[in-house]
Amino acid sequence: MASAPIVVDRAGKFEKVCGILNRFARRPAGLIPILQAIQHEYQYLPEEVLTYVATSLDVPPARVFGVATFYAHFALEPKGKHVIRICDGTACHVKQSLPVLNALRQKLGTTEKSKTTADMMFTVETVACLGACGLAPVIVIDEQVHGQITPERAVALVDDIQAQEASLQTAPAVPAEQPLAEECND
Amino acid sequence: MNQIIQPTLTIDGQTVAIEGERNLLELVRKANIDLPTFCYHSELSVYGACRLCLVQVEGRGIMGACSTPPEPGLKIQTSTPQIREIRRIAVELLLANHDQSCPTCPRSANCQLQILAQRLGVKKVRFKSVLQPAPLDESSPSLVRDPNKCVLCGDCVRMCWEIQGIGAIDFTHRGHEVSVQPAFGKQLGDVECVNCGQCASVCPTGALTIKSEVDQVWDLLADPSETVIVQIAPAVRVGLGECFGLKPGEITTGRIVAALKHLGFDQIYDTSFAADLTVIEEGTEFLERKKAGGHLPMFTSCCPGWVKYAEQYFPELLPNLSTCRSPQAMFGSLVKAMLPDQLKVERKNLKVVAIMPCTAKKFEAQRPEMAVNGDPDVDHVLTTQELAHMIQSAGIIFDSLQPESFDMPFGFYTGAGVIFGNSGGVMEAVLRYAAEKVTGKKLDQVEFQQVRGDSGLREATIMVDGSELRLAIVHGLRNARVVAEQVRAGKSHYDLIEVMACPGGCVGGAGQPVSTSRDSRALRTKGLYHADKMLQLHKSQDNVFITECYAKFLGDIGGEKAHHLLHTTYQSRRRISDESLPLMQSQAEDKLKVSVCLGTNCFLKGSQDVLNGVLRYAERSGLEGRLDVRAGFCFEKCESGPTVMIGGEHVHHCTAARAIEVLNSKIESDNPGHAVDENPGCTGTD
């Protein structure tokens, strides 16, 4: 697999994990918000981090895994830099969301099973309902909602992002993530 | 005076008294109606998932009997046409999602799903099969997990967590994707499972079964070049009969010996002999620790489930475990040392088969320290259930067998060895030895009623020669954890602690027949105490063959040879395999690998600070390109944690300063003169 294009400050992230665990006083009752916060850091829940969470909360890893797999919100696979969510709830489905999904999958080479592109740039996934049925069909790209989408417009949006990314590659390097002020002291 | 009115309710027209029952299901059963259920076990929490114990409550509708508390005056019907139909649909739906390879399923004879389908008159499954075949998990030495047979009742999950306090398996995913799995979809052999098998003993179907070694034993028996000897654990004699329609607790020792002779074993011995030997060694060890101020309290070490649990969760208490091997292991080690000469066979052609009530014994037999040059002391472990299969397979009519007696000398035992099979038995057997040893007087009253009982956590104080012995007896590993935590915190006042992982001790082991009656455990225990009573000798020190064994072969009790053959060592053990978290990666060819343990034990000793110290130092001193830093999960060196692995070397009792010192010296020795000059800014003190 191609290495992640994003500079991953693993050590900094780990310190953040410690900070998150401390914020919830390492109490098992805080497991779900802890997982949410960790996913916010990593974009997904790495298995080894979950093992560490289990250790520090003194709950079995199987329990943590059970919770992490129960909620659709949690991802156990790394996601791409840009996440595209296609609503396939009833209203969007009726308004032809599947052709949009298929067009995006064809464009990016993703499938039902492998949702993320090999260069870790895009993840294409479906969601049950975004609650924006009046705008059906709807897709969300990186928190930005696009209503009444067509396969052509969806592909054009991806083209735009790819063009932006290409210009970033040629531009001078972006400074790496700043070290965290938050200290881990327990 | 006011008369207290007994509260009652009505079940199928019968008036039934409410006498502290926790739910309607218990009352219905008290009324002698066998309400079907998958997910209700009186010792586990109420789950209410299987929807088979539904009853009609007048004025309220259809409710789950297991999750409805009794109230006076309720009118309950347990078998209306509507309820029967709901139950039938529930079973049909389960069957539509079930691998129906029943004739070849190990649980075929006593599968609850099969029995219920029969009872409810399911002739045909009306729903299309939706089973998505999943692979078998055969990674454990003791158990086989077949996800295709799981009905999601959760009995195994609750048993592992609520009774054993481990939680090696849990529900994962949601909706139609729900399954019961170890963490991260790993296999059972790669996680913290201690092989007690209690999950399999509550599983209503063939989703969790015992890993069979029957075929290998048949092969041994058919091989004329092998001398195959067999040992039978105490609890087997009061359990095996249940597979042949006898009552739980019925003592079938003589018939088992006859059956084993018929099957072709060359010598038939009793693990109770080795239990007598264990009493002598463990009793002596205990008295010596008491006298010399050794590690106390001392924990018993006969139970392989408990030993693995202690290695995983209480590494700092390992010095408190008796170093005695279990009776199964002592037996294997002793006979493989003694018999080759006597029987004129080579060790490699002498095979030891153990018949055990226990699935964890299979794991124990495979421990590398229980072997000589790779040749295991015990070659195969069969559970009580597996022996029953062999007897059935050979067409032996068990009940019609004429009892026979064990071979000598390893078939001779006292009552102390027999009661090893139930909770409190090891303690009592050791007391019978220790009391006599300490006082130097003959002990006439051999029964110690104080240590007997059914509760999972019992205490007793016994006066021996004017001094107090404070004892604890636990079964169920959750209870063991309670006591072990007290010991770890220095709040325990006990001298000796007996631990058995399975509820009730070995009589309730997962290798025993799947229980048909709710009180079978208590009956088996009663059977063992009865067997003790019927024997002429009740104290291990009165076993003449043990005395002879020491005189002619072992030498002194607790002496060098005895230590070599009968004792063992323990090691801290990781709970989960192959997990490490990369935190700083290097592409450099001469990169230095640093791995800081964040397993529970090291974590509690502050390894997280060590890790953060190393990371910050690396950033500060520009070592980022050179270091490959990871968080690991247990290097199995807990006793000297925090442990950090730097360039292949373990650094024990590590602090951040010490780690920095070691990694600088490694870098210096790799490229002399290139060491980082910066002072770590703190001094190592360890």
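Visitor: What makes Leu152(B) count as partly exposed?

Guide: Leu152(B) has 17 C-beta neighbours inside 10 Å. A residue is buried with 20 or more other C-beta atoms within 10 Å of its own, exposed with 12 or fewer, and partly exposed in between, with C-beta atoms placed from the backbone. Leu152(B) is therefore partly exposed. Please keep in mind that this is a predicted model, where local features need pLDDT of at least 70, side-chain atom pairs count only at pLDDT 80 or more, and totals for chains, interfaces and linings use all residues. Residues are numbered from 1 along each chain as its sequence is written, while chains are lettered from A and ligands numbered from 1 in the order in which they are written.

Visitor: What is the phi of Leu152(B), and where does this residue sit?

Guide: Its phi is positive, near 60°, and Leu152(B) is a residue other than glycine. You will find Leu152(B) in the loop between strand E6 (143-145) and helix H4 (155-163) of chain B. Helices (H or I, at least four residues) and strands (E, at least two) are DSSP runs, numbered from the N terminus.

Visitor: Which residues of helix H12 (residues 384-393) of chain B are buried?

Guide: They are Thr384(B), Gln385(B), Glu386(B), Leu387(B), Ala388(B) and Ile391(B). The cover over the buried residues of H12(B) includes helix H6 (214-222), helix H7 (253-263) and strand E13 (350-356) of chain B. After H12(B) comes Gly395(B), with a positive phi near 75°.

Visitor: Why are H20(B) and H21(B) called oblique?

Guide: The axes of helix H20 (residues 607-620) and helix H21 (residues 656-670) of chain B cross at roughly 45° and come within 8 Å. Axes are lines fitted to C-alpha atoms, for helices over the stretch in contact, and angles run from 0 to 180 degrees between N-to-C directions. Under 35 degrees counts as roughly parallel, over 145 as roughly antiparallel, 65 to 115 as roughly perpendicular, and the rest as oblique. H20(B) and H21(B) are therefore oblique to each other.

Visitor: Which residues make the contact between these helices?

Guide: From H20(B) come Asp609(B), Val610(B), Gly613(B), Val614(B) and Tyr617(B), and from H21(B) come Ala656(B), Ala659(B) and Ile660(B). Two residues are in contact if their C-beta atoms, placed from the backbone, lie within 7 Å. By class, the contact of H20(B) with H21(B) has 6 nonpolar, 1 polar and 1 charged residues. Here Ala, Val, Leu, Ile, Met, Phe, Trp, Tyr, Cys and Pro count as nonpolar, Asp, Glu, Lys and Arg as charged, and the others, Gly among them, as polar.

Visitor: What makes E20 and E24 the edges of their sheet?

Guide: The open sheet has 5 strands in the order E20-E22-E21-E23-E24 (chain B), with mixed pairing. Strand E20 (580-584) and strand E24 (649-651) of chain B each have a single partner strand, so one side of each lacks a neighbour in the sheet. Two strands pair if DSSP finds at least two bridges between them.

Visitor: How many bridges join strand E21 to strand E22 of chain B?

Guide: There are 6 bridges between E21 (residues 592-597) and E22 (residues 627-632), and the two strands run parallel. In E22(B), Arg630(B) is the bridge partner of Ser595(B).

Visitor: In which sense do E3 and E4 of chain B pair?

Guide: Strand E3 (residues 54-57) and strand E4 (residues 61-64) of chain B are antiparallel, over 4 bridges. Val57(B) has Gly61(B) in E4(B) as its bridge partner. This hairpin has 3 residues between the strands, and Gly59(B) takes a positive phi near 85° there. E3(B) is also joined by 2 bridges to strand E5 (residues 75-77) of chain B, again running antiparallel.

Visitor: And what about chain A: how many helices and strands does it have?

Guide: Chain A has 7 helices and 4 strands. Of its 186 residues, 32% count as buried. A cis peptide bond joins Ala136(A) and Pro137(A), with omega about -5°.
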